[in-house]
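Let's take a friendly walk through a few strands and a pocket. Have a look at the picture below, then read on.

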Amino acid sequence: MILVEKPGLVEGRLIHRYKRFLADVRLDDGSVVTAHTTNTGSMKTCWEPGDRVLLEPAANPERKLKFTWLAVERPGGWVGVETGMPNRVVAEAARRDALPGLTGLHDVRTEVRYGTERSRIDVLALDGADRQVFIEVKNTTLKEGPWALFPDAVTERGTKHLRELQAMVREGHRAAIALFVHRTDVDRFDAAREIDPVYAAELDRAAEAGVLVLPLNVRMVTSTDATGRWCLTWELPGLLPWVPRR
């Protein structure tokens, strides 16, 4: 099931990424453009110079940067680098009652304030018994061998979110963390225990406390139209196994 579709994309070759928000890309006609990069993290294992990338042209002609970097092709498949896409795909899956590992959802809302630590939950829904379901979404792109790992840097904010999800479970609600594995060249998930052992321990505690841990298997499919423009779609065919790397 296609959940989100992005047509009209432009292909190029990555020159380099810099200043967190910027990437220079050489297009097929030889011109060089600077694309906006929404992922301001380390993006470790996500790109190398010369990789093929897909850019989305800006809808606003007045925007300074005319393209946004959406995806990059690595040797084993595509990697999504647009950080707003995971929330959008998960919310759409919840609306269609097609979120792997968590079905029966309705009345879906996004970016709702909750908890005692002044957070916003990415997706809030009701289940079949009309219990509130709090879903935190994490863009997961770090790769080591066959594993997708999260996080790719120490994340105190991510640890805070895990604490708040556990608090929601204690209050009688349901909670889940959706690890949006935004690449197609891995087949299992674990926390990045060497990078952030505090987060990894909190994820283990959250699972024991009843927070659903959902490593989402993300399928990204590309095609081209008669004009040579690319289309990229996102699907969620199921869950990856959570396999500790101990």
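Which residue in the turn between strand 7 and strand 8 has a positive phi? Gly 115 does, with a phi of about 75°, in a hairpin that has 4 residues between its strands. Before going further, note that this is a predicted model, in which local features need pLDDT of at least 70, side-chain atom pairs count only at pLDDT 80 or more, and totals for chains, interfaces and linings use all residues. Residues are numbered from 1 along each chain as its sequence is written, and side-chain values use heavy atoms, with hydrogens and water left out.

Strands here are DSSP runs of E with at least two residues, helices are runs of H or I with at least four, and both are numbered from the N terminus. Two strands pair if DSSP finds at least two bridges between them.

| Pair | Sense | Bridges |
|---|---|---|
| Strand 7 (residues 106-114) and strand 8 | antiparallel | 6 bridges |
| Strand 8 and strand 9 (residues 132-140) | antiparallel | 4 bridges |

On one side, Tyr 114 stands opposite Ser 119 in strand 8. On the other, Leu 126 has Gln 132 of strand 9 as its bridge partner. Strand 8 and strand 9 also form a hairpin, with 5 residues between the strands, where Asp 130 takes a positive phi near 60°. Strand 8 (residues 119-126) is mostly covered, as 6 of its 8 residues are buried (under 20% relative accessible area with a 1.4 Å probe, protein chains only).

**The largest pocket**

How much space lies in the largest pocket? About 610 Å³. Its lining has 27 residues, and the closest to the centre are Thr 83, Lys 138, Asn 139, Phe 150 and Arg 157. Lining residues have an atom within 4 Å of a point of the pocket, which is an open set on a 1 Å grid with protein on both sides within 12 Å along at least five of seven lines. Strand 9 gives the most to this lining, with 5 residues. By class, the lining has 8 nonpolar, 12 polar and 7 charged residues.

**A closer look at Asn 139**

Asn 139 lies in strand 9. Is Asn 139 buried or exposed? Asn 139 counts as buried because its relative accessible area is 18%. Its side chain joins that of His 182 in a polar contact of 2.9 Å (a pair of N or O atoms within 3.5 Å, where one must be able to donate a hydrogen and the other to accept it). Leaving aside residues up to four places away in sequence, Asn 139 touches several others, among them Thr 83, Phe 150 and Phe 180 (heavy atoms within 4.5 Å).

Technical notes. Buried means under 20% relative accessible area, exposed over 50%, partly exposed in between (1.4 Å probe, protein chains only). On a 1 Å grid over the protein atoms alone, a cavity is a set of points where a 1.4 Å probe fits but cannot get out, and a pocket is an open set with protein on both sides within 12 Å along at least five of seven lines; lining residues have an atom within 4 Å of a point. Grid points are joined across faces, edges and corners, and a volume is the space filled by probe spheres set on the points. Ala, Val, Leu, Ile, Met, Phe, Trp, Tyr, Cys and Pro count as nonpolar, Asp, Glu, Lys and Arg as charged, and the others, Gly among them, as polar.
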